[in-house]
Amino acid sequence: MCIKEKIELNKQDKAPIYEALKEFKTKRIVPFDVPGHKRGKGNKDLTEFLGEKCLEVDVNSMKPLDNLCHPVSVIKEAEELAAEAFGAAHVFFMVNGTTSAVQAMILSVLKKGDKIILPRNVHRSVINALILCGAIPVYINPQVNERLGISLGMSVNDVVRAVTQNPDAKAILVNNPTYYGICSNIKEIVRIAHEKNMLVLADEAHGTHFYFGENLPASAMAAGADMSSFSMHKSGGSLTQSSFLLCGENVNANYVRQVINLTQTTSGSYLLLSSLDISRRNLAQNGKEIFNRVIELSEYAREEINQIGDYYAYSKELINGDSVFDFDITKLSVNTLDLGLAGIEIYDILRDEYDIQIEFGDIGNILAYVSVGDKNYKNIERLIGALTEIKRLYKKDKSGMLRHEYINPTVELSPQEAFYANKKSVLLEQSNGEICTEFVMLYPPGIPILAPGERITKEIIDYIFYAKEKGCVLTGLEDMEIKRINVLKGEC
Amino acid sequence: MEFWFSEKHTENVKLSIKVDKQLYSEKSKYQRIDVFESYEFGKFLTLDGFMMLTEKDEFIYHEMITHVPMAVHPSAKKVLVIGAGDGGAIRELTRYKDIEQIDLVEIDEKVVEVCKEFLPKTACKFDDDRVNIYYQDGLKFVRKYENEYDIIIIDSTDPFGPGEGLFTKEFYGNCFKALKEDGIMVNQHESPFYDNDATAMKRAHKRIVESFPISRVYQAHIPTYPSGHWLFGFASKKYHPIRDLNSSKWNELEIKTKYYNTNLHKGAFYLPNYVEEMLEEHE
C-alpha cells in the first residue's frame, strides 16, 4: 500500500458526528432547548425501553453539533468523508429514508412538464416525486423473465429507442439493482444519456454494498451516474430511515441542498445522523471483509436451497448481457413456483410457523436479506432447514401457478394532473377503460400496477384480483378495503 | 482462599460449587469451554458458564436420555445422537450389542477433544467401531436424511448460543423426516420450574407436538441443573412410551444401571399437575 492510500484510510477512521456527540456528553450542558424529554428525564418509560445512552444523544442541532440544513462543521466533515468513501463529488445525509433522497433527486433535476425515462419497476417514491413536480414519465418495459415471473433491467436498445423518441427528456432513472438483485448496463446507459445531455439518476436503495464489496456489480458513481440514492440502513447497517444521497461532478450540490430543505425536517435526528457516520466508517474500514462474508453466506445458502429441489435460488446464470447485465450475488432471491406455492405463502409460513421473517414474498419469489448483521451460519441453517420442511409439508400441485407480472401501462395524463383532477369512485370490477387517479401497489415489493394518469384495462383488473387472492397486500388506494378505485370524472 | 463456581439459575438464584482447581479454560469457535475439579461433584464441564455435566450426577441424565427410547423401540439398529460431545450418551448406547451404527453430530470439535482429555468417565467410547463422529451443525446434518434412523437423541445445550437451532420447528420436522416410519426422537427438554426455562420448555413441546403424532414428556432429578427438576421429550411416529415398553426384554439384556429401571421408566411419565397443565396448553 502506498503512503497516499494509507493516509486516506486513516481519514476514514474518523467519524466526526459521532465524535462530537461523545464530546458533547462529557460537557454536561444544561438543556434549556428541545427535545423536551431533556436527555430522557421527562419520559421514564421511554428511557427504560430505549436506554439512557440512546436518549442522551437524542439532541437538537447546536453549535458543536452543526446543523443538517446548513452544515458548516462536523456534519460537513462527515459528508466529505462519505463522499470520499463512495467516490462521489458530494454526499447528503438523509433522515427521511431513501424516499426523501429519491424525491430530492427528481425535484432537483425535473420541472413541470419535463420528461424522465424510467423503468416501470421503479419504487413508488419515484412516481410520488413526479406527482410533486409535475414531470412526465416515459416508461421502459423492463424485460420479464417468464420462468421466474420477475421484471428485469432495462435493455440498452429500449433505452436508445426511448432517448431517440424523447430527445427532450431531462434524465434517465436506473434501478441498481432491482429488489431481486438484477442490474442493467448502467455504464452504457450513462454513456447514451450523457451523449444527449441527459442526467442519470440511480435508485440504489438495495446497492450500498456495491461501493465496498468485491466481485459485485458496478456502483452508480463508479459507472459515472450523476446522482444516486441509497439506503445505508438496508445492507449497510445504519438505523432505519437513514440514507445517503450522492452527487457526481455535474450536479450543483448547493442547489440540491436547497431542494432537500424544501421538505426536510429542521430537526434532523442525531441518532440517525450518527448511525450514518458510524456505519460509513465501519464499511470504509471493514466493508470488503463484511461483504465477502455476506457473499459466502448467500452463495452457500443458494447452493443448499437448490439441492432441496423445487426451489430455484437464482444467480449469475441469469446474466444475458442486456436486461440482466449483472446480478447481485448477495441477494438470496428464491423462486418457489415449482413447489406449487406462491412466494407470499412461503413468506407467511416462515413467519407464522418457523419464526423466521424474510424481506418479501411476491407471487413467485421470496427474498431473504443477508447483510452486515449476519455473522455466521446458524440462522442460515435455520432458513434452509425450514424451507426443507415447507417442501415436505406444504408442496402442492403447481398447475396454474405461474402468472405474468408485468403489464404495460398506458400513460394518458401526467401523474400530477391525474392526482389533482376531479375524480369519482367506482367499483374495481367496473373500472375497465377509465383513467386511474391513484396508485395500486403490490406490496411487497412496492411496484405499481397502476399509477395516476394511467388507463385501466381488463388485464390489470384481473391481475389485481389474482394478487389479492394470493395474499399479496395491495396499498395506495383511498378505499382501505380495496373494492373501489378513484378514476377521472367525465371519462368512460 | 476459597474458590467457587457459581451459575445463575435465575436473576435471583444461583448454585455455587466449591472448586479445588480449574483444569481447563478456552474459547472455541463457538463457545467458552471450562473444566473444573470440585470436592463434591468431581470434575465438571461448563459451556459459556452453564453446567453441562458433573462426574457425580451425569449418570442420571445419560441413562434417562438413552435407555428410555431403547427400551421402547423393539429393534434399534441405527441411532443418531446430536450434541453430546461429552460422550455420555454414546457410552450408554454402546452397551447395546444390537445397535449397529451410532452417528454423533457435534458442532464443536473442541468439546470432544477436551472431554477426551479431562472427562474419560463419559468420553470413553468414542473409539467404538460403531461410532462415527461428524463435526457439523446438527440442523444441517439431519436435513440431508430421509427414513434413515431408528432413534434420534437430541442432547443439546440450552436454546440460546450454539444450541438454539436444535429447539426449532424446522429441526424437529427434519428429525421426523430422518427417522424411519417407527422411529423415536428423544430430546433434552429443559425444566418446568423457573419461568425462563419453562418458557423454553413449552415452546419446545409445542413445536414437537406439531411435528410428531405421539409426543410425551418424562422427568428426572438432576441436582446440578436449575431447580434439579429436569424434563425429556419422547416423540414418536408409532410407539407409545409406556404401552410399547417391553420390560422383560430390556431386563433380559442385564444392562446394569444406577438410575434407570423399567418401573421408573413408567413412573417418569407421570408428571406433577402444574407440568401437565403447561404441556396441555400446547397440545
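**Close-ups of a predicted model**

View 1. Helices are DSSP runs of H or I with at least four residues, strands are runs of E with at least two, and both are numbered from the N terminus. The touching residues include V102(A) and I106(A) of α6(A) and A129(A) and L130(A) of α7(A); contact means C-beta atoms, placed from the backbone, within 7 Å.

This is a predicted model: local features need pLDDT of at least 70, side-chain atom pairs count only at pLDDT 80 or more, and totals for chains, interfaces and linings use all residues. Residues are numbered from 1 along each chain as its sequence is written, while chains are lettered from A and ligands numbered from 1 in the order in which they are written.

**View 2. Strand β20 (residues 484-488) of chain A is mostly covered.** Four of its five residues are buried, that is, 20 or more other C-beta atoms lie within 10 Å of their own. Strand β16 (residues 423-427) of chain A pairs with β20(A) in the antiparallel sense over five bridges; pairing takes at least two DSSP bridges. Look for K423(A) opposite L488(A).

**View 3. Chain B meets chain A.** The contact takes 13 residues from chain B and 12 residues from chain A. On chain B's side, α5(B) gives the most, with six residues.

Notes:
Two residues are in contact if their C-beta atoms, placed from the backbone, lie within 7 Å. A residue is buried if 20 or more other C-beta atoms lie within 10 Å of its own, exposed if 12 or fewer, and partly exposed in between; C-beta atoms are placed from the backbone.
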